[in-house]
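Please keep the sequence and the model in view while reading.

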Amino acid sequence: INYRLAKNWAKVGAFPTEVGYTEAATIYAIEHAATYDANPKNVFMIGGSASGQLVAMATFKLNAAKAKTIRGLVTLSGAFDITKLFEDAWSGTYQEYWMTNSLPIAFVCKLGTTCHERPYQAEAAAESPSMHVNPSALPEKWLMVNSEFEQMPIDQPQSMKAALEAVGFVPTYRILRGRYHAFAYWKRVEGEVYAFI
């Protein structure tokens with residue numbers, strides 16, 4: 001699926017709109033499963049990078065509304081703690097273009113000034129899957145993948161894994177060697193993903 005992107009110049013942020021699009025598209029696919037020769041009771045979501053955050057949040061919301069709507073998740077280099085991403089950008093630990101430029105666009109703020117303000121930080125927390133783990137809204141299983149030295153900081157999957165384990169849920173957790181990001185390492189994990197789902 002796709003979704004409308006944030007536009008800083010138009011003061012249109014990413015949240016909660018992009019999660020809403022993800023939920024709406026998933027509901028549409030489930031309701032029209034017969035059209036796709038699909039099983040609406042066996043739904044898995046796969047997302048990479050920013051879409052890892054989207055499918056995680058959408059799963060939590062859909063499963064909270066109706067248990068087991070989403071059976072499983074596969075996240076490739078997912079963003080799970082957006083407040084930590086801001087901290088990493090401010091500290092200079094990570095100078096990735098998407099973090100220093102795209103993150104402020106997503107929240108319609110300026111990295112060095114207004115992004116520090118409480119409304120933006122509250123919104124970042126509200127859109128961080130690691131801060132919203134509800135045992136009754138979790139999928140049955142979750143494959144979480146990241147590379148060691150890629151542009152998505154390793155503290156992102158670590159944060160999500162810790163939050164899940166705190167409620168007794170153990171995800172399948174893989175850290176790949178190297179620097180590839182999200183679907184750039186798809187060929188390395190494709191077989192494992194298909195076996196997982």
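## The parallel strands

Strand β3 (residues 141-147) is mostly covered, with six of its seven residues buried, where buried means under 20% relative accessible area, exposed means over 50%, and partly exposed lies in between (1.4 Å probe, protein chains only). The model is a predicted one, in which local features need pLDDT of at least 70 and side-chain atom pairs count only at pLDDT 80 or more, while totals for chains, interfaces and linings use all residues. Residues are numbered from 1 along each chain as its sequence is written, and side-chain values use heavy atoms, with hydrogens and water left out. Helices (H or I, at least four residues) and strands (E, at least two) are DSSP runs, numbered from the N terminus, and two strands are taken to pair if DSSP finds at least two bridges between them.

On one side of the pairing list, strand β2 (residues 72-76) runs parallel to β3 and is joined to it by five bridges, with Leu76 standing opposite Val145 of β3. Strand β4 (residues 172-176) is likewise parallel to β3 and joined to it by five bridges, and here Met144 has Tyr173 of β4 as its bridge partner. Five bridges also join β1 to β2, again in parallel, and Ile46 has Val74 of β2 as its bridge partner.

Ile46 belongs to strand β1 (residues 44-48) and counts as partly exposed, at 35% relative accessibility. Together with Phe183, Tyr194 and Ile197, Ile46 forms a nonpolar patch on the surface with about 390 Å² of accessible area in total. Patches are made of residues with over 30% relative accessible area and no salt bridge, like charges being joined within 9 Å and nonpolar side chains (Val, Leu, Ile, Met, Phe, Trp, Tyr) within 5 Å; the areas come from the Shrake-Rupley method with a 1.4 Å probe, and for residues only the protein chains shown count as cover.

## Aromatic contacts

How many aromatic pairs does a search of the whole structure find? The search finds eight, with rings of Phe, Tyr and Trp (its six-membered ring) pairing if their centres lie within 6.5 Å, and with planes under 30 degrees apart counted as stacked, over 60 as edge-to-face and the rest as tilted. The pair of Phe44 and Phe196 is edge-to-face, because the ring centres are 6.4 Å apart and the planes stand at 85 degrees. This pair links distant parts of the chain, since Phe44 lies in strand β1 and Phe196 in helix α7 (residues 186-196), 152 residues apart. Both partners are covered: Phe44 is buried at a relative accessible area of 17%, and Phe196 is buried at 11%.

Elsewhere, Phe15, Phe86, Trp90 and Phe107 form one aromatic cluster. The ring of Phe196 also has the charged end of Lys141 over it, 4.7 Å from the ring centre, and the charged end of Lys161 sits over the ring of Tyr173 at 5.2 Å from its centre; a charge sits over a ring if NZ of Lys or CZ of Arg is within 6 Å of the ring centre and within 35 degrees of the ring normal.

## Salt bridges

Side chains of opposite charge can pair when their charged atoms come close. The count comes to six salt bridges, each defined as a side-chain nitrogen of Lys or Arg within 4 Å of a carboxyl oxygen of Asp or Glu. Lys187 and Glu190 form one of them, with the closest N and O atoms 3.5 Å apart; these two residues are three apart in helix α7, about one helical turn, and Lys187 counts as exposed at 69% relative accessibility. Salt bridges that share partners join Lys84, Asp88 and Asp155 into one network.

Asp88 is buried, with a relative accessible area of 3%, whereas Lys84 counts as partly exposed at 27%. Lys84 also forms a salt bridge with Asp155, the closest N and O atoms being 3.5 Å apart. Since Lys84 lies in helix α3 and Asp155 in helix α6 (residues 155-166), the pair ties together parts that are 71 residues apart in sequence. Asp155 is buried, with a relative accessible area of 19%.
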